Amino acid sequence: MFGIGGGELVFILFIVLMLFGSDKVPEIARTMGKAMAQLKNATNDIKSEIQKGAEANGLDAKSLTDITGNINAEINNAKTNLLGDTTNLLGDTTNEIEKVKEDIDSISGPVKRQR
């Protein structure tokens, strides 16, 4: 629960009890419960209004998944067209680096590294 252990939760409850007293704690709990219920009802109302608006405009869940699926397919197609075949990209680079190293070694001799 929010990364709070049992001991920490007991300590928080003890502090709340000390601050507000035993007579106010049930009232605070009721108020928080009512607020959470109102928040849940409000979010459900918002969800239903959004769904009703989408249905009124001719958008249902199936058409939305079709649209997003088509968009994803087009994005993947554009990626492959833009990037092309990248399988040998690193292999060619490694070969070129080795050739350059050999050329440098032939010109200046092998480099000894100090530790």
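The structure is a predicted model, in which local features need pLDDT of at least 70 and side-chain atom pairs count only at pLDDT 80 or more, while totals for chains, interfaces and linings use all residues. Residues are numbered from 1 along each chain as its sequence is written, and side-chain values use heavy atoms, with hydrogens and water left out.

The secondary structure of the protein comes to 4 helices and 0 strands, where helices (H or I, at least four residues) and strands (E, at least two) are DSSP runs numbered from the N terminus.

After α1 comes Gly21, whose phi is positive, near 85 degrees, and just after α2, Gly58 takes a positive phi of about 85 degrees. An unreviewed UniProt entry places a "transmembrane region" at residues 6-22, although such annotations may be inferred rather than shown by experiment. In the model, the span of residues 6-22 is 88% helix and 0% strand.

The largest pocket holds about 180 Å³ of space, a volume that is the space filled by probe spheres set on grid points joined across faces, edges and corners. A pocket is an open set of points, on a 1 Å grid over the protein atoms alone, where a 1.4 Å probe fits, with protein on both sides within 12 Å along at least five of seven lines, and lining residues have an atom within 4 Å of a point. The lining consists of Ile12, Leu13, Val16, Phe20, Val25, Ile28, Ala29 and Met32, and the elements that give two or more residues to this lining are α1 and α2.

Leu13, one of the lining residues, is found in helix α1, and its C-alpha atom is separated by 9.7 Å from that of Val25, 12 residues apart along the chain. Leu13 is exposed, with a relative accessible area of 54%, whereas buried residues make up 2% of the 115 residues in the protein; buried means under 20% relative accessible area and exposed over 50%, with partly exposed in between (1.4 Å probe, protein chains only).
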